[in-house]
Every structure is written in structure tokens, then in C-alpha cells.
Amino acid sequence: MWDATAELPAFPPLAEDLDTDVCVVGAGIAGLTTAYHLARAGRAVVVLDDGPVGGGETGRTTAHLATAFDDYYSEVERLHGARASQLLAESFVAGVDAIERIVREEDIACDFVRLDGWWFPAVRNGGEERDTLVEERDAAHRAGLTDVTLEEQWPLAEPLGGPALRFPRQAQFHIHRYIAGLARAVVKHGGRIFMGAHVSGIEDASEDGGRCTVTTDAGRTVRAADVVVATNVPINDRVAMHTKQAPYRTYVIGARVRRGAVPPGLYWDTAEPYHYVRLLDPQGSGDTDVLIVGGEDHKTGQGGDDEPARFDALERWTRQRFPIEAVEHRWSGQVIEPVDAIAFIGRNPGSRRLWIATGDSGNGMTHGTIAGLLLPALIAGEDHPWATLYDPSRVTLKATGEWLKENVNVAAQYRELATPGDVDDVAQVPAGEGRVIRRGATKLAVHRDHDGTLTVRSAICPHLWCVVDWNSAEKTWDCPCHGSRFAPDGSVINGPSRAPLAEASLDDDGAS
Ligand SMILES: Cc1cc2nc3c(=O)[nH]c(=O)nc-3n(C[C@H](O)[C@H](O)[C@H](O)COP(=O)(O)OP(=O)(O)OC[C@H]3O[C@@H](n4cnc5c(N)ncnc54)[C@H](O)[C@@H]3O)c2cc1C
Ligand code: FES
């Protein structure tokens, strides 16, 4: 989360070429949990990350560990059928249980606590809201979560009183502490973790049983029988997976609240996009706690540069419902929404020995842990009951409408190649901000630092050539098409692009 004081362990850079059983790219919850189970099973594992462990979306999470499904069991049943909904629920229970087991067996002090989760209606509309709750309760029961109940009165007083769905045995923890403990456990069981290793190339195993090769931009290689790409958005795939999912930005505030004013619990409303609420440390001491509230999602790079307004709206929403005092923390992050609701965990489409974990939506803690249970079994060649459910190659015909909507949206982004820039002249780029400027046939991403120094890069995303957009909350260039993000100097923060924004100058006019 925002707690910069929580210690994340440091790991060395990759200083030599290596040979191993499995190379895991990405040290977020999906990559580390996968590496942990592989190492425990006696496999030789190398984990590469270009930042610190947990430095991606995992470090930004609000860490609701839920068996409640944010796209609803009723929707999974509609799209994929009753059996799929049962397997999903089974995997979600196993995912949260696995986290609890890892915490216990590896003795990770991360404030893990079980508590109830509550879905509450976004609006009261004369009883109709109750129908949604009843529908989801019944779908959860059919999926096997028979302990989900409809409560006429939930823990919070008016104006939020009224019915809500109660999901028992949810959980929460402190993500930085958990991920630090998980990384240490990977090493304890024989895994090797390397930081500062930006992966720029991944070659699948050859047909005749050869090995995969992972190459870093420093020219180091790791050869492995299998490669797990756990980079949140796959960096190995250029098109196929990116048509099946879409990147969204989500916003979070942390506000002081009197201890006891909000009962411990995970809270979600039924709005679209929904709000998600928890206390930082319900078991802590002191007179106050921090209420962590998220929501106000929009498609990455399509928020209209109104990030401050998103935080204001989130604060307004919270004040109308919870007795918060000062807002002390604000941050945002990116979630990847699959068009058919379920994450993609398994063999990369068309690959032999490349495996991916992506599309985990607002359930990425649970999905990432499920990846750590499923991928080692698949790599070992075992059958697994969840394999078909999470198969990245699946085609869900009933989700065609959503697939079309997201891909028409992406196609529409290419109009930006022909529109004017955000501003006409570099003099209009404020200090500490970035703006897109048109130069002839092309567009430039221009950033001005607080000393007035300008950094000029091409505004064309190297992945599939959409025009990047300035994110004033995170101070990054975000791609509206598939979620690549870049620092003000153009270096890539997350994929699918593996390359930085190209060097450019104000004299470029795109003519050559
Ligand atoms: C604000 C917010 C709140 C959330 N709240 C919840 C919640 O309450 N509950 C829940 O279940 N989920 C939640 N999620 C979702 C969840 O946090 C994510 O889905 C999950 O953390 C993703 O984990 P990951 O391991 O797939 O990816 P990441 O944590 O992003 O890890 C990917 C890693 O890959 C590395 N990497 C990327 N490209 C390269 C490269 N080329 N070379 C080397 N390394 C590379 C990155 O540095 C990164 O460390 C939330 C997300 C956000 C943003
Ligand atoms: S992320 Fe695909 S075009 Fe930018």
C-alpha cells in the first residue's frame, strides 16, 4: 500500500547467465506465489523483476482477500455455466486458505485476519436493490458458498442501514509485509530472486524439446525448461491476449477514522464501477485507524486528465457514508479486466512452454495466489480441475458483446493519431506535468520537470502505436489501448510494451 516504511527485502542484480528449471518473470503476488510452490516442490526457480519485489500493482493493492467475486457468481454462471461457477468458488476458497497457510507455515507477521465481507446496495430504490442481493446469494449457494447469507441489517448505522449480503471467512493482511515474507520464503526453499532485471526478450522452447531463453536488456540470459510470465499484463504476447482484456485505473484514499466507528469487515457496494472499503488495522491499538476506500475506476488513459477530481469524488462518496476525519493518503493503480470475468492462468496461447497469469481484475490477490497453485501443477504435466476454467485460450461466445465493446474502444483510440495535441506549444506544459504536442504528422510526449528541463519522447506507444496520455496523479504516460505505462523519461514501467517511448526532439515532424 502506501506504507513506505514497510521493509521490502533487496535482491541482487542478475550478474551472470543462468540455467534453471523454471524462470518466473515478475515478482508480484502471482510470480512469487508460483515460485514459492515450485521451489517447495524441489524445482530450481529463478525470479526476475525490473523493480523491487511487490513494486508493481501488488504494492498498490488494498488487499481484500475475498471469496466474493467482484463480477458476481450470477454473471459467471450466465457466461460460463453452473459447473464453472462451482470451480471458481472452489478455487477462491482454496486461494484465501493458501494465503493463510503460507502465513502460518512461513511465520509471516503481516496482520492476516479473517473477517466478514459485505455487499451493500449502491442505492436504495424501493426494494429493487434486494433482488440483486437475493440473485447473488442464490448464485453463491449454487456455486457451493452455502454460508453466504442475506442480512436485513448490516453492521453500519444509517444512512447505510438496510439489507446486505454477508460473505463469512474473508480476510485481509498488510501486503508489503506479506510479500516480503513470501519473497524470503522463496529463497529459503531454494529459489533465486534478481532485481533490476528488465526482460526484453522471451523465446519459447523449440519444437524438438529445446529450452526457453529469457533475455534482459543488459544482455543477460536465463535458459529454462519453462517460463512463467507474471508481469500483470503479458509482455510475451503482442496481440492475442490483449484483445481479451482491458486496463482500468482505480483510485484509493486512506482517511483517519475513530477506532470503533467502522466495524471490522470488507465492504463493497453494487455500483458499476464499485467501491471497496476496509480498515487498515482492525486489531491495532490507539484511538484511530485508517479507512481505506477505493473506486472511481475508468479505462486507463481515458480519464480526461481529471485524476484530482477522481480523488475528490471518492472523498465525497466516503464522507456521505463513513465518519472519516482527515484524508491522509491518496494513490492509484491499474487493474486488468477480462472480457468474460475470469482471469487467464495457464499455457500462453500457441506456446509450448510459456505460461501466463493475467486478467485478474479486482480479485488479483486471490487470482494471483490461485496462479501459484495451478501453474506448478500444469508445468508438471498434471491434470487440474481448474485448468479449463482459467485456460487463456478459452473463447466465451456469450461474452462477445463485451469483447466487441472493448475492442471497438481500442480501435477508437487510433483517432488520436489525427487530432491536435493537448496544447499547441511547449510553453503551455506546466512544471511537473506532461502534455502531448502535435508536430507535423506525429505527436510528442513532452514533460517539464520542476527545474524547467524538458524531456521529449515520441507519444506513440511502441506496443501497437496508440498515443499515450499524461496521468497527473502518478506522473506517468499511460497508453489507453492495452495499459502500457511509461515514466516521464520514457522508460517502460509496465507492459505489454517492453520498449521505452522512443527518443524524439521538438524538431521532429514525423515526416521521415
Ligand atoms: C488500487 C488497487 C487496489 C486493489 N485491491 C485489490 C483487493 O483489494 N483485492 C484483490 O484481490 N486485488 C486487488 N487489486 C488487484 C491486485 O492488486 C492485482 O491484480 C495483483 O496485485 C497483480 O499481481 P501480479 O503479480 O499479477 O502483478 P504485479 O504486482 O504488477 O507484478 C508484476 C511484476 O512484473 C514486473 N515486470 C513487469 N514487466 C517486466 C519486465 N519487462 N521485466 C521484468 N519485470 C517486469 C513488475 O515490476 C512487477 O513487479 C487491486 C489493485 C489495485 C491497483
Ligand atoms: S499498450 Fe498496446 S498500443 Fe500501447
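**View 1. The lining of the second largest pocket has 6 nonpolar, 2 polar and 3 charged residues.** Ala, Val, Leu, Ile, Met, Phe, Trp, Tyr, Cys and Pro count as nonpolar, Asp, Glu, Lys and Arg as charged, and the others, Gly among them, as polar. This is a predicted model in which local features need pLDDT of at least 70 and side-chain atom pairs count only at pLDDT 80 or more, while totals for chains, interfaces and linings use all residues. Residues are numbered from 1 along each chain as its sequence is written, chains are lettered from A and ligands numbered from 1 in the order in which they are written, and side-chain values use heavy atoms, with hydrogens and water left out. The pocket has a volume of about 170 Å³. A pocket is an open set of points on a 1 Å grid over the protein atoms alone, with protein on both sides within 12 Å along at least five of seven lines; lining residues have an atom within 4 Å of a point. Grid points are joined across faces, edges and corners, and a volume is the space filled by probe spheres set on the points. The lining is made by K244, V339, D340, F344, R394, V395, T396, L397, A399, T400 and W403.

**View 2. Helix α9 spans residues 400–413.** Helices (H or I, at least four residues) and strands (E, at least two) are DSSP runs, numbered from the N terminus. The 14 residues of α9 reach 20 Å from the first C-alpha to the last, close to the 20 Å expected at 1.5 Å a residue; the expected span is 1.5 Å times one less than the number of residues. E406, N407, V410 and Q413 are the buried residues of α9. They cover an arc of only 100 degrees around the axis, which puts them on the same side of α9; the arc is that of the directions from the helix axis to the C-beta atoms. The face turned away from this buried side carries the exposed residues G401 and V408. Buried means under 20% relative accessible area, exposed over 50%, and partly exposed in between (1.4 Å probe, protein chains only).

**View 3. Helix α6 covers residues 307–321.** With 15 residues, α6 reaches 22 Å between its end C-alpha atoms, close to the 21 Å expected at 1.5 Å a residue. Buried residues in α6 are E307, R310, F311, A313, L314, E315, W317 and T318.

**View 4. The largest cavity holds about 40 Å³ of space.** A cavity is a set of grid points where a 1.4 Å probe fits but cannot get out. There are 3 cavities of 30 Å³ or more. The largest is lined by V233, H242, Q245, A246, P247, I336 and H482. Strand β11 (residues 245–258) gives the most to this lining, with 3 residues. By class, the lining has 4 nonpolar, 3 polar and no charged residues.

**View 5. A disulfide joins C466 to C481.** The structure holds 1 disulfide, a disulfide being a pair of cysteine sulfur atoms within 2.5 Å. The S to S distance in this pair is 1.9 Å. The link of C466 and C481 is left-handed, with -80 degrees about the S-S bond.

**View 6. C212 is buried, with a relative accessible area of 0%.** The closest cysteine sulfur to that of C212 is in C23, 9.1 Å away, which is too far for a bond.
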